[in-house]
Amino acid sequence: MPDPSASLNVESLSRLRDLLRRRLDLIADRALREHDPAAQLDQLRLVSEEIAAFHREHQAALPARLDHFLERGSFQKAREFIEGGG
């Protein structure tokens with residue numbers, strides 16, 4: 001459960017936003033998927049693990065909606081939440 005007294009700094013939110021963008025970019029990368037699907041899956045796995053680690057590390061400071069999106073794997077919604085300023 002998020003701690004209302006905790007807060008994320010801009011740097012942390014930027015890091016999460018970049019991870020979420022990277023994941024979406026990998027999903028959209030047709031050339032990589034066609035050329036080396038195993039590499040694409042490996043890269044997706046790695047960035048997904050980084051997102052999960054970020055979530056675990058910062059969960060107490062996350063706004064409730066952002067925590068909800070990350071908990072449920074709604075990464076597009078999480079990115080939109082961050083880019084929309086919450």
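## A predicted helical model, in questions and answers

Trainee: Which residues have the most contacts inside the largest nonpolar core?
Mentor: This is a predicted model. Its largest nonpolar core has 20 residues. Those with the most contacts inside it are L16, L20, I51, L62, L66, L70 and A78.

Trainee: How far apart are the end C-alpha atoms of α3?
Mentor: Helix α3 runs over residues 37-58, which makes 22 residues. At 1.5 Å a residue, α3 should span 32 Å. The model agrees with that: the end C-alpha atoms are separated by 31 Å.

Trainee: What arc do the buried residues of α3 cover?
Mentor: The buried residues are A39, Q40, L44, V47, I51, F54, H55 and H58. Their arc around the axis puts them on the same side of α3. The arc is only 150 degrees.

Trainee: Why do residues three or four places apart point the same way in an α-helix?
Mentor: Think about the turn. Residues three or four places apart point the same way because an α-helix has a set number of residues a turn, namely 3.6.

Trainee: Which residues are exposed on the other side of α3?
Mentor: First, the buried residues: they pack against α1, α2, α4 and α5. On the other side of α3, the exposed residues are L41, R56 and E57.

Trainee: Is H58 buried or exposed?
Mentor: H58 sits in helix α3. Leaving out residues up to four places away in sequence, H58 touches L8 and S12. Its relative accessible area is 15%, and buried means under 20%. So H58 is buried.

Trainee: What span is expected for α1?
Mentor: Helix α1 has 19 residues. From first C-alpha to last, α1 reaches 27 Å. That is close to the expected value at 1.5 Å a residue, 27 Å.

Trainee: Which elements do the buried residues of α1 pack against?
Mentor: The buried residues of α1 are S12, L16, L19, L20 and L26. They cover an arc of only 125 degrees, which puts them on the same side of α1. On the other side, V10, E11, D25 and A28 are exposed. The buried residues pack against α2, α3, α4 and α5.

Trainee: At the start of α1, which backbone nitrogen does a side-chain oxygen of N9 reach?
Mentor: The oxygen comes to within 3.2 Å of this nitrogen. The nitrogen belongs to E11.

Trainee: Are the rings of F69 and F81 stacked or edge-to-face?
Mentor: The count comes to one aromatic pair. The ring centres of F69 and F81 are 6.2 Å apart, and the planes lie at 70 degrees. Planes over 60 degrees apart count as edge-to-face. So the pair is edge-to-face.

Trainee: Which helices hold F69 and F81?
Mentor: Both F69 and F81 are buried. The two are twelve residues apart and link distant parts of the chain. F69 is in α4, and F81 is in α5.

Trainee: Which residues is L66 in contact with, leaving aside neighbours within four places in sequence?
Mentor: L66 is among the residues with the most contacts inside the largest nonpolar core. Its contacts beyond those neighbours are L13, L16, A78, F81 and I82.

Trainee: What distance separates the C-alpha atoms of G73 and F54?
Mentor: G73 lies in the loop between α4 and α5. G73 is partly exposed, with a relative accessible area of 37%. G73 and F54 are 19 residues apart along the chain. Their C-alpha atoms are separated by 13 Å.

Key
Residues are numbered from 1 along each chain as its sequence is written. This is a predicted model: local features need pLDDT of at least 70, side-chain atom pairs count only at pLDDT 80 or more; totals for chains, interfaces and linings use all residues. Side-chain values use heavy atoms; hydrogens and water are left out. Helices (H or I, at least four residues) and strands (E, at least two) are DSSP runs, numbered from the N terminus. The expected span of a helix is 1.5 Å times one less than its number of residues. Buried means under 20% relative accessible area, exposed over 50%, partly exposed in between (1.4 Å probe, protein chains only). The arc is that of the directions from the helix axis to the C-beta atoms. Contact means heavy atoms within 4.5 Å. Rings of Phe, Tyr and Trp (its six-membered ring) pair if their centres lie within 6.5 Å; planes under 30 degrees apart count as stacked, over 60 as edge-to-face and the rest as tilted. A nonpolar core is a set of buried Ala, Val, Leu, Ile, Met, Phe, Trp, Tyr and Cys residues joined through side-chain atoms within 4.5 Å. A polar contact is a pair of N or O atoms within 3.5 Å; within protein, one must be able to donate a hydrogen and the other to accept it, and residues adjacent in sequence count only if both atoms are side-chain atoms.
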